[in-house]
Amino acid sequence: MKLVGVKYLFVLLTMLPVTLTANTRIQHFSFEFFGHTFNFTLDSSLVQNYDDSLSEASIINFHNNASKGDYQTLINELAAYKEKYKLNDWIFYQLIRETAQKISPKSENYNRYTLYKWFLLTKSGYDAKLLLGNNRLFFYVKSNDDIFDIPYFKGEAGQQYVCLNIHDYKRIDLAKEELNPVKIKISGASKAFSYRVTRLPDFKPTDYSDKSIEFSYKHKVYHYNVKVNSNISTIFKNYPVVDFESYFNIPLSTETYSSLIPLLKNNVKGMNQKKGVDYLMRFTRYAFLYEADEANFGKEKRLSPEQTLFTDKSDCDDRVGLFFFLVKEIYNLPMIALLYPDHITMAVQFDKPTGTPIMHDGKNYTVCEPTPQLRDLKIGQLSASLKEQAYKVVYVYEP
């Protein structure tokens, strides 16, 4: 099967390795997962060696043999943990990854590790597929989300399937390869996978460190001691470039929120609304160093607000996301995101616009540039290089 296109743009383990053999009926596992402990039970019937060469027949054999045993106990434990801690699909998938890693370490047998991820995800009800090509195993899942930087293909009924493990294969252009789907029907595996992250885990306070952030506003230096967490980088390490609606609605974790938002609210409480937004705009613009994604990460990458706070350098996508979050949390004003060919910025709706307003759906918005420019732009001012360029409104926020 030919791929139809490519859009453009873990956790601390706490127990010693356990060797599981088919002679051991039950084995108990435990690992720390972003602030809580996940305990699971593995029946020996799920232990598969899978030393065969990659083929459809060997994969089907792996699935059939594993399906004969007591896999439901483990699936129930995964589902209960997901429900208890309200895990979004993306973070639930990280739990599945770590569970598969416990059962079959990735470094020991990559194909078996991937098969366990696929098995656990499908038995959890998700429509996931395996494709074979050039003695490599590719793992896809059905998703209705707009994803811009990972391979995908269209199923027979037009469903989109996106690749979950492309990051494991460097410098491969799957659009140029013939891949063969493994033809196997998994009963009950029909759910679409969502990349939307609307809730972060309840990390332990000890997972956080302090980061000093400062910037100058109206000749006064403001200092912030923000709680940041390296687990955020782990969660979003292989997270793709998603649509702007999904991206703008990624929250802060509780500790980071509590260390920053109340202080920002306190510092703007004596200002009128427009001056307060100006303060937030300049905080986002000048409290962090600028660097383009290509230089910073070697590819396009949109950082969540918490990643932007954690990372020393960021670009316009990242700052727009952080600025949007701050304005939403503190003032909850209507906003639109303006996408130019090589830049993105934000416009905010005030009672009365400032500067040259941006008209959208009969409403006036004021440009608020959260990224450093050649000039120190005020509210309502747009960079001269953008004035003659066409833009597209890629996200509209209405409180």
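I'm calling a residue buried when its relative accessible area is under 20%, exposed when it is over 50%, and partly exposed in between (1.4 Å probe, protein chains only).

**Ground rules.** I'm looking at a predicted model, where local features need pLDDT of at least 70, side-chain atom pairs count only at pLDDT 80 or more, and totals for chains, interfaces and linings use all residues. Residues are numbered from 1 along each chain as its sequence is written, and side-chain values use heavy atoms, with hydrogens and water left out.

Most residues other than glycine have a negative phi. I looked up phenylalanine 34 and found phi near 50°, a positive value. Phenylalanine 34 sits in the loop between β2 (26-33) and β3 (36-43); strands here are DSSP runs of E, at least two residues, and helices are runs of H or I, at least four, numbered from the N terminus. Its relative accessible area is 4%, so phenylalanine 34 is buried.

Aspartate 361 also has a positive phi, about 50°. I found aspartate 361 in the loop between β15 (358-360) and β16 (363-368). Is aspartate 361 buried or exposed? Aspartate 361 is exposed, at 66% relative accessibility.

**The cavity.** On a 1 Å grid over the protein atoms alone, a cavity is a set of points where a 1.4 Å probe fits but cannot get out, a pocket is an open set with protein on both sides within 12 Å along at least five of seven lines, and lining residues have an atom within 4 Å of a point. The largest cavity holds about 40 Å³ of space. Phe34 turns up again in its lining, along with others including Phe33, His36, Tyr81 and Arg199.

**The second largest pocket.** I noted about 530 Å³ of space here. Its lining has 23 residues, with Asp127, Lys129, Glu156, Tyr161 and Ile184 nearest the centre. The elements giving two or more residues to this lining are α4, β4 and β6 (151-154). Which element gives the largest share of the lining? That is β4, with 3 residues.

**Helix α1.** I checked the length of α1 (residues 56-67): at 1.5 Å a residue, its 12 residues should span 16 Å, and the end C-alpha atoms are 16 Å apart, which agrees. The expected span is 1.5 Å times one less than the number of residues. Its buried residues are Ser58, Ile59, Phe62, His63 and Ala66.

Conventions. Grid points are joined across faces, edges and corners, and a volume is the space filled by probe spheres set on the points.
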